[in-house]
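Please read this note with the model open beside it. It is meant for a reader who is new to structural work.

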Amino acid sequence: MVTVNQPPGPEGGILGLQFVNSFKEDALGTAMRLKQEFGDIVYVKAANTHWFMFNHPDQVKDILLTRAKMFGKTDIFKRVLSRVDGNGLVVSEGEFWLRQRRIINPAFSHLSIDIYEKTMREETERYISEWESGMTLDLAEEMTKLTLTIAARVFFSADVRDNAQELGDAVTVISQAMLHEFYEIIPVPEWIPLPSKIAKKNAIARLDKLIADSISSHRSNPPARPDVLSMLLQARDTKGDQELMPEKQIRDEAMTMFNAGHDSTAAALSWAWYLLLKNPDEYNRFLRSQERKALALQVSKEALRLYPPAWTLPRQALADTEIGGYSVPEGSLLNFFPYVMHRDERFFESPEEFKPQRFAPGYEEELHPFTYFPFGAGPRACIGKEMALTEMSVLLSLITDKFKFELAPGQDNIAPVPLVSLEQKKGVKAIVHRR
Ligand code: HEM
């Protein structure tokens, strides 16, 4: 039976504009305030949309796992993402998604990740060999370039060191366009030749060329060390029709992973460095550690707790339903904020403090389930989780073997900016010292 009561929440203002604007101006602050003021389930009617926010792990479990089939990715998310990623894994749904996920999973098995780890090490060592004592680096920019270079090799065996800047610019243009499109109240059709649309088209064409060139070179001369693309090219649905993926679908999956994979990892790494450099005791422990790679994993997980790149996870109700005792009409937007949940003192002790040793072995098993979800939860959780954690640990430990950083002046108070990923407004500038 569907009840008709509504959860507490703020006034949306005329047409919900006040609410939309407050979100646009300060999404994280707004989300934190809504939870403080209204509790675990918050409701706003904005324009014609029923908007819900859930701050309790019971609803994370209910919506992302138990009844995952009743809730889809949002229309707006699918519209914006599919213009770039086609029908790749992040946007596809239903039986088609299930089949793709099944086919693609082996490319992210432990065995595959071990192979990619070698590539990550080689690329990192090569990249940092150009750093010198006394340089001031923007670690956010460096992590973006490095993860891009790594992604190109792990995914496509492509060496993009000479055009990392150009490819990086293309990725930036695409994510800026996406961000803009997420907030459009009236969607601007793709065919209108606005400068931003043209720039986005060119950027997509640049990445398409990288993928197309990689596919043809894989066909003529497969790489000695398997990469993600070689897995995609060989992937068959052994439980289904045994067919290989059509080329367009390979393009969509490759594009999806390239976009989903490196920006979020770069953002997480930048936050990890910032947190280490802001907390000298923790940084010294890390610098002195004999088991740096194990500690690097804890640092990574703690950075993902405080600054989850996927700071919000939206869903849409596919039919009228009930959640937590409240009626939820079809089409309602349902939102989780890992950023908010990860800072909830009911679930995390001293939540604002950076304490990597929380994530010592055993801690996650004891955590209240569904309170820590930087990679999402349920069937649609991140396929690249192990890859991302491996990459973060490899980079943090290899770089720390050779270099020590010091925050540059004026870098003490870096606030998070919720773009497509949770980033820093102007990077993280640090001075390099060779150890
Ligand atoms: C620190 C880095 C990363 C973070 C924080 C992250 C976070 C997430 C989250 C939260 C989701 C679920 C989205 C939702 O439920 O709406 C997701 C899905 C996904 N991620 Fe990641 N991700 C990261 C790295 C990667 C990497 C390295 C890849 C490489 C391929 C990747 C590929 C994907 C794909 C394909 C999906 C969609 C999975 C599906 O729906 O079946 N991600 N990611």
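This is a predicted model: local features need pLDDT of at least 70, side-chain atom pairs count only at pLDDT 80 or more; totals for chains, interfaces and linings use all residues.

1. Residues are numbered from 1 along each chain as its sequence is written, and side-chain values use heavy atoms, with hydrogens and water left out.

2. The shell around the ligand has 27 residues, of which Trp97, Arg101, Arg315, Arg380 and Cys382 come nearest; a residue is near if one of its heavy atoms lies within 4 Å. By class, 18 residues of this shell are nonpolar, five are polar and four are charged.

3. Helix 11 (247–278) is among the elements that supply at least two residues of this shell, and its share, five residues, is the largest. Helices here are DSSP runs (H or I) of at least four residues.

4. An N or O atom in the side chain of Arg101 is 2.7 Å from an oxygen atom of the ligand. For Arg315, a polar side-chain atom lies 2.7 Å from a ligand oxygen, and for Arg380 the distance is also 2.7 Å.

5. Which protein residue is the donor to the iron atom of the ligand? The single donor is Cys382, through SG, 2.3 Å away (donors are N, O and S atoms within 2.8 Å of the metal, or 3.2 Å for Na, K and Ca). Cys382 is found in the loop between helix 15 (363–366) and helix 16.

Methods: A polar contact is a pair of N or O atoms within 3.5 Å; within protein, one must be able to donate a hydrogen and the other to accept it, and residues adjacent in sequence count only if both atoms are side-chain atoms. Ala, Val, Leu, Ile, Met, Phe, Trp, Tyr, Cys and Pro count as nonpolar, Asp, Glu, Lys and Arg as charged, and the others, Gly among them, as polar.
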